[in-house]
Amino acid sequence: MHERKTEEQADTIGLQTDVRSGRMLGRSLGTEIEDVIFQQWVQEIRSELVGMKGRTDEEKQLYNETLNRAILGYDEERGKLLAIIHDIVSKRRLTGRPPRTSGYTTLPEAIFAEIIGMNVLELVLKQKEGLEEIQVVGRQIFEVRGGYALPSGYVLPSVRELERIQQNLVLFNNDTLNPRKKWAEVVLRDGSRVTMTGFGFTAEPTLTIRFYTVKRFDLALLASAELATMDDRMETLILCLIRSYFNMVVIGPTNSGKTNLIKAIIAEMDDNERIITIESRFELNLKRDFPHKNIVEYEIDDEDPRHSGLQAFKLALRQSPKRICHAEIRDDDANLYVRACTRGHEGSITSVHVSELEDVPDAITDMCMLDGRGMNPLRLRKRITEFVTQIGMEMAVVHGKRKIVRIVEYRFENEEVCVTDLAVYDKSTDGWKFPGKLSQPASRKIGKADQEGHALLSKLGFIEKEGE
């Protein structure tokens, strides 16, 4: 009797367990079905958003810009997109609930998060003050502030989540990121840039978001105590060099402030002078920041011969430029830039990727020699030193601030490149030293172009007097 009761109890317990398991299985299947339906709605609404681009190219570009800015955390654009998704959900009469795992209380919010949201990157974007870049490698996140990259306090839950964010950014730009094309770029009108790579091109998928952060550019701001990129004495020197049409070259690592310095220098140039810029991607955006200047901006594509740097230079030289701003000298266009600087386009500026200012003339010479025209390297180096790299400036990040750490004058003497330090940053004093003077040819050049500036530089000790 006791044994039978035990068996009955066991059967009852087993039945209850089966019922509970069935309920759990039913709930699990129900959740899976809900998730499938939800993802179907997400795909349909994503496609509808992509299709709402307007009629003209301008309207399409503005709409894509809105979608991209919404993904990158800009509040105004996010509000617009959430309102659009609310309208789509209402028109479709979707009455389902958001998945329990989403953490959102309304269906439009859950769909918005899936299409626009960036997972934990949202938390990084909430602390946007001083944020210059977000760098993602696989699941790892790094934040760049003040020129330094440091590990974020957040980690993406999976690599798959990074790929979802990549696909959203790619989709809204009619681009692809797949096994055939394993990279993509998005550039916003304000200068912000997104660069993405996928498996096979890099060991792990990557996402780099570089924000456009500076609104104003001039030498006075860079010389202010707030930024301390230079001091007043250096500001006076650079202003005289600009007005006297010296050709300048800027070096420095990524995020050291090269672009900001170049823009500040251009800000001081005469508004009526024809300035032509040549870039592989619009980063300077001079016409936007200086609408009254006489500026022509070229964006080149070296994979397309019709719109390459070579073609841009050929056209630029026919457009009566007073100065040429070339974002970065590279192998293919080194000879063209050298030719431009030696044929009357004084006061031009460019940047070069080298580690030391002393290496600049040799680096440009090597790039020019690559075209195989059998030039004499010594004569070429002399020409570059005298006409292209008259003044060199080096940028670096020091104690969290971007600074000009060196200003030099280049000269060619006794068949050698000579470098004179005009200004050198001293870490021990957190200030600048001024060990050298401008050469007599440079002093005479300033005297002819800027007599008032010449007098100021004499008082500051930059001018070498005749006979010294």
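Modeller: In this predicted model, N119 is partly exposed, with a relative accessible area of 29%, and the residue sits in the loop between α4 (107-115) and α5 (121-125).

Colleague: How does one describe the packing of two helices, and at what angle do α15 and α16 pack?

Modeller: Two packed helices are described by the angle between their axes together with the distance between those axes. For helix α15 (residues 440-449) and helix α16 (residues 451-460), the angle is about 135° and the axes are 5 Å apart, which makes α15 oblique to α16.

Colleague: Which residues of α15 and α16 meet, and of what class are they?

Modeller: From α15, S443, I446, G447 and A449 meet Q451, H454 and L457 of α16; by class, this contact of α15 with α16 has three nonpolar, four polar and no charged residues.

Colleague: Turning to strand β6, is T206 buried or exposed, and with which side chain does the side chain of T206 make a polar contact?

Modeller: T206, placed in strand β6 (residues 206-210), has a relative accessible area of 16%, and is therefore buried, the cut-off being under 20%. The side chain of T206 makes a polar contact with the side chain of T197 at 2.4 Å, and, leaving aside residues up to four places away in sequence, T206 touches V136, V137, L162, Q166, T195, M196 and T197.

Technical notes. Residues numbered from 1 in each chain as written. Predicted model: local features only at pLDDT ≥ 70, side-chain atom pairs only at ≥ 80, totals over all residues. Heavy atoms only, no water. Helix = DSSP H or I, 4+ residues; strand = E, 2+ residues; numbered from the N terminus. Buried < 20%, exposed > 50% of the residue type's maximum accessible area, 1.4 Å probe, protein only. Polar contact = N/O pair within 3.5 Å; in protein donor to acceptor, adjacent residues only side chain to side chain. Contact = heavy atoms within 4.5 Å. Axes fitted to C-alpha atoms, helices over the stretch in contact; angles between N-to-C directions. Parallel < 35°, antiparallel > 145°, perpendicular 65-115°, else oblique. Nonpolar A, V, L, I, M, F, W, Y, C, P; charged D, E, K, R; others polar.
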